[in-house]
Amino acid sequence: MKLSEIAEKLGCEVTSGGETEIHRMAGIDEAGPGCLTFVSNRKYVSHIKTTRASAIILGYDVPEVPIPSLRSANPYLAFAQALELFAEPLRPEPGIHPMAIIAPDASIGLNPSIGACVVVGTGCTIGSNAVLYPFVMLYPKAALGDDVVLHSHVVVREHCRLGSRVIVQNGVVIGSDGFGFAPKEDGTYYKIRQTGRVVIEDDVEIGANTTIDRAAVGETVIGRGAKLDNLVQVGHGSSVGDHSVVAAQAGLAGSTQLGRGVKVGGQVGFAGHQAIGDAAVVTAQSGVHGDLEPGAVVSGSPAFDTGTWRRAVTAFAKLPEMLRRISCLEKEMERIKADRKKP
Amino acid sequence: MKLSEIAEKLGCEVTSGGETEIHRMAGIDEAGPGCLTFVSNRKYVSHIKTTRASAIILGYDVPEVPIPSLRSANPYLAFAQALELFAEPLRPEPGIHPMAIIAPDASIGLNPSIGACVVVGTGCTIGSNAVLYPFVMLYPKAALGDDVVLHSHVVVREHCRLGSRVIVQNGVVIGSDGFGFAPKEDGTYYKIRQTGRVVIEDDVEIGANTTIDRAAVGETVIGRGAKLDNLVQVGHGSSVGDHSVVAAQAGLAGSTQLGRGVKVGGQVGFAGHQAIGDAAVVTAQSGVHGDLEPGAVVSGSPAFDTGTWRRAVTAFAKLPEMLRRISCLEKEMERIKADRKKP
Amino acid sequence: MKLSEIAEKLGCEVTSGGETEIHRMAGIDEAGPGCLTFVSNRKYVSHIKTTRASAIILGYDVPEVPIPSLRSANPYLAFAQALELFAEPLRPEPGIHPMAIIAPDASIGLNPSIGACVVVGTGCTIGSNAVLYPFVMLYPKAALGDDVVLHSHVVVREHCRLGSRVIVQNGVVIGSDGFGFAPKEDGTYYKIRQTGRVVIEDDVEIGANTTIDRAAVGETVIGRGAKLDNLVQVGHGSSVGDHSVVAAQAGLAGSTQLGRGVKVGGQVGFAGHQAIGDAAVVTAQSGVHGDLEPGAVVSGSPAFDTGTWRRAVTAFAKLPEMLRRISCLEKEMERIKADRKKP
């Protein structure tokens, strides 16, 4: 495909070399002849000099470069769109595999692609264009919207509901029992039946082996457009606001309420029973107890304002030195006081 | 069901409105007419004023309320029991699905419910009333007690043993090889055959996608009544004492020994080869090296006494200020010392 | 088997009791008559006095013991090798189960052992002696080398490639979509097609329920001989160097580059887009931002030199006391200054 053609499809500006033939997309360091690459992270601007790519997508803030280039206000988005131009179609064969096990009363929309060994329980409803890979298990009365993709080994438990265009990576468990046990006098526990469900709204994507527990009563909710990475834990009765992003291995204890557009770093933990304001940012490995204001940016465990935290962690390494300096001051103080007592 | 009827079944006291008709259970904020709700966490007492529930379960410590109420010494337990009264039965159809693959020499007790695509290996034994959902895999010689529920995609590896009334959520791996590799001179590793097994005692529940490794020799043990949340890692040769509770994403490195009634918060890590005393409490995200006394309450990474830790983390944010104050004191000290040298 | 026979097979020295009959291997505390045990961790040397084992494998640094013993320069390795002598063979029956679903154009090497409900997609290639347990799913064009063992519920996504002698524990996902989303002006996200793949080199072992994401472009690589524990997350475009070891629940954000022989503790997090030098060591629960020099040993979150970190965390518990001491010094300073103003 010619670079100028790509530019037209992406709505980018060609600054030079529109005739260049592009055969595939590649990262800046791996790219070779025939590759289109990109820079959106400032860290990689210096790599432009050494790349062997035939062309590059850049923001308007990067100075002129010696190779054919496209300019975009959002080079990362343009790169993502260009990837689609070269990617092979992924959709598996249409139809329902003869070794799929579908309850007779399940309702399945038009144009499904349901693989071998998929189990669809009684009373399930599935919208149009569903892609269910092998070993997907829908428990009774699960409901999926249109254009849903469930990769292999995904579980949707009883009564849970997924909206449209939801993509679920392999091994995800949606609607497992919440971790609810009432302590008894004798030190043992009574299991609390988890009678609620999980609701995943439209355009959500969920990463591999993530687990989302059903609520004891009511709903655990993943809001429209939210993105969850791999191995994330969402406790029962929690909700993730629209277009929020949760990185890998983060965990929300029960009844954590994330607002809209919240950004959660990897391995973050929320203590539960708390409200996190819209657009809050929690950096990786932080532990959040209590509520956060909208727009708050926090770090640390327990977490507090990131600016303050940065200064505190810088000082942290100096703790042994600080102890020494305090001891030294105390000794000098003693000496001064002793001197002053002298006649 | 009438409120008075519920009270009788739960052994609660009706303080008012025994004739109220209850149709379902609900959380205090979601409840509407016909709902029974509860308050056990003090944080939610103020919500009683605004709930639209028709009745509420309360402890004896909460003052009189304007809606029909039940009183219980353990309102959380009463709520859990009330949930059972309204919950639909979950048990799948009895019988063995024709697409289950059961070794001819496997022994299966009375009244099984074994779904499609369940694999039961040679020499396995399964007690009465077993529920095995689709895609459960029992490796050879696995043994299950009575009334066991294995949700879909659960794996029980060779020789592992589960007691009675064990509930395992989806995707759990019991008996994967422990992470054991002997370093060789040349910087490579020799895999140590994990010849031991995992033993899960009676009344244990295990959360989705949790992994419990088999021991190299001997056993990894989850004690009677213990509860493990989702995405927990139990390393080889570890043991979790009876009625201990381990929250999501916590990890026990090899040969961690938890006592009875231990409470482990989310994302906690144990370094391994250590003994944790009965009833110890480790708060979320802590990292525990070395042993803990019975009843110890610890926090932080590395973890120490929670009371001390709370004061330390409060001081932590003041570190940059402390540095400044020390520098200031040092300057004043210099000035005083300089002055004193003057004649 | 006679102790002397074992010694010969392992290339160990018998210091005494070569005629002792050994029936099985056991840990030092669980061992009984007929057992061979070992000590390689100094922590357990004191247990030699009380063990009931019939014989023991020791390093040359441990003083003489009253029971039959073997001596080895690497007692842990000798123990691992001895385990093989007593372990039962694990390999499942050869052949392809009639309920396996294999694409007609898939290429399968000699002597396969492919269980029930295995799905092998179109265009896959599998080397000799492959062991694929039930519910393994190979997406189209996946490729496996010789002598690969994939435990049940393992997923290898489209185009991913595994070398020879790779062992993958249950529930592992290789090649799930990387967590890549380009932010749009309106606060929503555009999914970036993950067109790259995962390459697992020879002799790698991967622990249960670990997830390894495919790259957006290019490759995510696990180098030869590397060992990953359970529930590890490897982000897209990352690479793990040869013979590196990553403990459970650690996470590598996208484009983390680990060198050769790196050791990563449990629950460690890497921020991504960084290079970690050969043989670096990162202790458990650390959080690493930025690059690390070869041989660096770091701890903490954010991580820095372990020696300094140890002193800092020791001082950490003294923070409240330090605050008090600073306040006290300030008061004394005030008093001195006030005094000096007096005529």
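Which residue in β19(C) is the bridge partner of V156(C)? In this predicted model, the partner of V156(C) is I174(C). The two strands concerned, β16 (residues 155-156) and β19 (residues 173-176) of chain C, run parallel and are joined by 2 bridges.

Both strands belong to an open sheet of 10 strands in chain C, whose order is β7-β10-β13-β16-β19-β24-β27-β30-β33-β36 and whose pairing is parallel. The edges of this sheet are formed by β7 (101-102) and β36 (287-288) of chain C; each has a single partner strand, so one side of each is left without a neighbour in the sheet. Strands of a sheet pair through backbone hydrogen bonds, in either a parallel or an antiparallel manner.

Helix α1 of chain C spans residues 3-10, and its buried residues are L3(C), I6(C) and A7(C). Viewed down the axis of α1(C), these buried residues fall within an arc of 100°, so they line one face of the helix. Their cover includes the strands β1 (13-16), β3 (35-38), β4 (55-58) and β5 (69-71), together with helix α2 (75-86), of chain C. After α1(C) comes G11(C), which has a positive phi, near 70°.

Chain C also touches chain B: 51 residues of chain C are in contact with 54 residues of chain B. On the chain C side, α2, α3 (306-316) and α4 (319-341) each supply at least two residues. The most is given by α4(C), with 9 residues. By class, this side of chain C has 27 nonpolar, 17 polar and 7 charged residues.

Technical notes:
Residues numbered from 1 in each chain as written. Chains lettered and ligands numbered in written order. Predicted model: local features only at pLDDT ≥ 70, side-chain atom pairs only at ≥ 80, totals over all residues. Buried ≥ 20, exposed ≤ 12 C-beta atoms within 10 Å, placed from the backbone. Helix = DSSP H or I, 4+ residues; strand = E, 2+ residues; numbered from the N terminus. Arc of directions from axis to C-beta. Contact = placed C-beta atoms within 7 Å. Nonpolar A, V, L, I, M, F, W, Y, C, P; charged D, E, K, R; others polar. Pairing = 2+ DSSP bridges.
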